[in-house]
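Q: I am new to protein structures and would like to learn how to read one. Could we go through one together?

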Amino acid sequence: MEQKDLDTGEKPTWCAGCGNFVLTAALKQALAELDVAPEKVAIVSGIGCGSKLPHFVRTYGFEGLHGRTLPVATGIKLANKELTVIAVSGDGDAYGIGGNHFVHACRKNVDMTYIVQNNSVYGLTKGQYSPTSPKGFVSSTSPSGSIEQPVNPMSWAITAGATYVARGWFMDLDQLKRLIIDAISHHGFSLIDVLMPCLTYNRAYSVQWYKERIYKLYGHNASDRAAAVEKAMEQDKLPTGLFYQEKREAYGDEIPSVRGPLYKQDISNIDVAPAMKKMQ
Ligand code: SF4
Ligand code: MG
């Protein structure tokens, strides 16, 4: 399979230079390299500029409600464990509106890959400060500067119980593709927080701003949770790569009834009549 085999023919309306173009290419390249049949992949998103991504990748896709990406993705995975489930959200959808779902998906270790398009602003709704906007960030909803402390998605995910936690950045397509391949291959909840600029609404975090801070993790032991949190807490620099990985049973592994796809289960010996009667 090649990247072009996953094209849908639809053209994104993202602003020129938006990081989502590179992310979409990296995702298609990763799926092509993994050679997963498109009908075995479900991409789930919420609301936001980046949440339009399922329109542009020829797999199953579901664009849901704002902040509700993970419950839908969890339901899909539990109903059909044969599917590779990839959830995609912006920083507002993932860490703000869907923040509660995020913590619990990490804790439950639901077997899916969560790619967060983190540009530290709500782009689609025209530039409100988001949960990852820095303190003092001037936006349409914080004209005198945000008074809120931003969340740290990496330390949040590690301490909440995610079993694969990585950070990518849109200008390194090869690293991004590799992280997506590894995250999909990982059994459990994988987060890839992808740093990208929003050239239209976040002038504070320009490409140059990122370039001055980003470096690749090197010699870091990703099985060391405390070291991973320490890396996540770095203030002035932004390390990219794999922060943390551990092997743990994924959500539902120990329940025989959801081990395989529901549609393949033999229900011929189940008497549904009493339940139907109750509902009459
Ligand atoms: Fe991308 Fe920002 Fe434009 Fe949305 S507003 S398409 S996030 S650059
Ligand atoms: Mg955003």
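A: Gladly! Let us start with a definition: a residue counts as buried when its relative accessible area is under 20%, as exposed when that area is over 50%, and as partly exposed in between. Keep in mind that this is a predicted model.

Q: Is Cys 106 buried or exposed?
A: Cys 106 is buried, because its relative accessibility is 0%, under the 20% cut-off. Cys 49 has a relative accessible area of 27%, so Cys 49 is partly exposed.

Q: How many disulfides does a search of the whole structure find?
A: First the general idea: a disulfide is a covalent bond between the sulfur atoms of two cysteines. Here, the search of the whole structure finds 0 disulfides.

Q: Which residues surround ligand 1?
A: Cys 49 is one of them, and the surroundings also include Trp 14, Cys 15, Cys 18, Asn 119 and Cys 198. By type, the shell around ligand 1 has 7 nonpolar residues, 2 polar and no charged.

Q: Where does ligand 1 sit?
A: Ligand 1 is found in the second largest pocket.

Q: Which residues coordinate the magnesium ion (ligand 2)?
A: To read a metal site, look for the donor atoms around the metal. The magnesium ion (ligand 2) is coordinated by Asp 91 (OD), Asn 119 (OD1) and Val 121 (O), at 2.1 to 2.3 Å. Asp 91 lies in helix α3 and Asn 119 in the loop between β4 and β5, so the pair ties together parts that are 28 residues apart in sequence. Both Asp 91 and Asn 119 are buried.

Note on methods
Residues are numbered from 1 along each chain as its sequence is written. Chains are lettered from A and ligands numbered from 1 in the order in which they are written. This is a predicted model: local features need pLDDT of at least 70, side-chain atom pairs count only at pLDDT 80 or more; totals for chains, interfaces and linings use all residues. Side-chain values use heavy atoms; hydrogens and water are left out. A residue is near a molecule or strand if one of its heavy atoms lies within 4 Å of it. On a 1 Å grid over the protein atoms alone, a cavity is a set of points where a 1.4 Å probe fits but cannot get out, and a pocket is an open set with protein on both sides within 12 Å along at least five of seven lines; lining residues have an atom within 4 Å of a point. A molecule sits in a cavity or pocket if more than half of its atoms lie within 2 Å of its grid points. Ala, Val, Leu, Ile, Met, Phe, Trp, Tyr, Cys and Pro count as nonpolar, Asp, Glu, Lys and Arg as charged, and the others, Gly among them, as polar. A disulfide is a pair of cysteine sulfur atoms within 2.5 Å. Buried means under 20% relative accessible area, exposed over 50%, partly exposed in between (1.4 Å probe, protein chains only). Donors are N, O and S atoms within 2.8 Å of the metal (3.2 Å for Na, K and Ca); water is not among the atoms, so sites may look incomplete. Helices (H or I, at least four residues) and strands (E, at least two) are DSSP runs, numbered from the N terminus.
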